[in-house]
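Dear colleague,

Please find the structure below, handed over for your study. My notes on what was found follow it.

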Amino acid sequence: MSHQASFRRRGLEQAARDERAGFVFSCPHDVPRCSRLIDVLLGHRIRVEELAAGLELEGRIYDPAWSWFVPIDQPRYLLVRSLFETVTDFTETTFYDVSTWTLPLAFGARFDAVARDDLARGVRGAELVAPLEPAGRFEADPEAYAYFLDWRSYFAPRTLRRLLEAGFDARVAERPLVASTSDGRRGFGPGTIVVPLGDGERRAELEDLLAGAARQDGVEIWATGSGLTPDGVDLGSPRVHPLTMPRPALVVGRDVSTYEEGETWHLLEERFGFE
């Protein structure tokens, strides 16, 4: 116990000499992805804080809506360094495969070191004391012609599965488009899922499903009142393709890595619900 206490004390002393204040990380438009990263950090008793103000570092914008800050000055300083530093040069030619592990890269998160001078901008917010419960976005619109599902969210495939399993029409936009929504004109990129309401017989059921998906999957869903768009492809374009329920199969054998096999199975079945 004495050795452990000494190790943590030395870590704080080293942190005080570090020119960095900490690290900021972000998952734009995809809070559920970053929530998994935050779960790992909190599980190791690493302090994570909300971002109270926007930051621009190395040409990257960190919006408080989907960005968080990990301070250097904490007892697990060495672990924070190990998880967030990107090490590409080694003095030794022989090293373990876990000599360095940049955790945000494994989650597809963007991240940067924050200099101590940047703390003067008041970027540090409240400490997270529990894992995030990412809230998506959905508002039922009685005038809606169709709904758009933003495909950038990690759990968007799970929402799409729910729609197709329930027998609803879902289509994918091959090209970008701009649509008029209740919040004004918004741009939607290629891969956006379009859910037309058709004759509206199952409207209430569809909107209940989308509301549940926003809560459970953390996805963003927007309504539009017309099939014609101010810019880009219209919703009736052949560039907006109907989708059918996929039936994925894993072909495995002695030439397939069991790690990759298990990873793919876990993603499809446990995360996205494809059986």
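**Two loop residues**

His29 is found in the loop between strand 1 (20-26) and helix 2 (31-43). Helices (H or I, at least four residues) and strands (E, at least two) are DSSP runs, numbered from the N terminus. This is a predicted model, in which local features need pLDDT of at least 70 and side-chain atom pairs count only at pLDDT 80 or more, while totals for chains, interfaces and linings use all residues. Residues are numbered from 1 along each chain as its sequence is written, and side-chain values use heavy atoms, with hydrogens and water left out.

Although His29 is not a glycine, its phi is positive, at about 60°. His29 is partly exposed, with a relative accessible area of 24%; buried means under 20% relative accessible area, exposed over 50%, and partly exposed in between (1.4 Å probe, protein chains only). Arg45 lies in the loop between helix 2 and strand 2 (49-51). Arg45, a residue other than glycine, also has a positive phi, near 55°. With a relative accessible area of 67%, Arg45 is exposed.

**The sheets**

Strands of a sheet pair through backbone hydrogen bonds, either parallel or antiparallel. Here, two strands pair if DSSP finds at least two bridges between them.

Gly22 has Pro71 in strand 5 as its bridge partner.

Another open sheet has 3 strands in the order 11-10-14, and its pairing is antiparallel. Strand 11 (184-188) and strand 14 (231-232) stand at the edges with a single partner strand each, so one side of each is left without a neighbour in the sheet. Strand 10 (residues 177-181) and strand 14 run antiparallel and are joined by 2 bridges. Leu177 stands opposite Gly232 in strand 14.

**A pair of helices**

The axes of helix 5 (residues 156-165) and helix 6 (residues 203-217) come within 10 Å and cross at roughly 155°. The two helices are therefore roughly antiparallel to each other (angles under 35 degrees count as roughly parallel, over 145 as roughly antiparallel, 65 to 115 as roughly perpendicular and the rest as oblique). Arg158, Thr159, Arg162 and Leu163 in helix 5 meet Leu206, Leu209, Leu210, Ala213, Gln216 and Asp217 in helix 6, where contact means heavy atoms within 4.5 Å.

**A buried phenylalanine**

Phe274 is found in the segment after helix 7 (258-271). Phe274 counts as buried, at 13% relative accessibility. Beyond its neighbours within four places in sequence, Phe274 is in contact with Pro157, Arg161, Met245, Pro246, Pro248, Leu268 and Glu269.

With kind regards

Conventions
Axes are lines fitted to C-alpha atoms, for helices over the stretch in contact, and angles run from 0 to 180 degrees between N-to-C directions.
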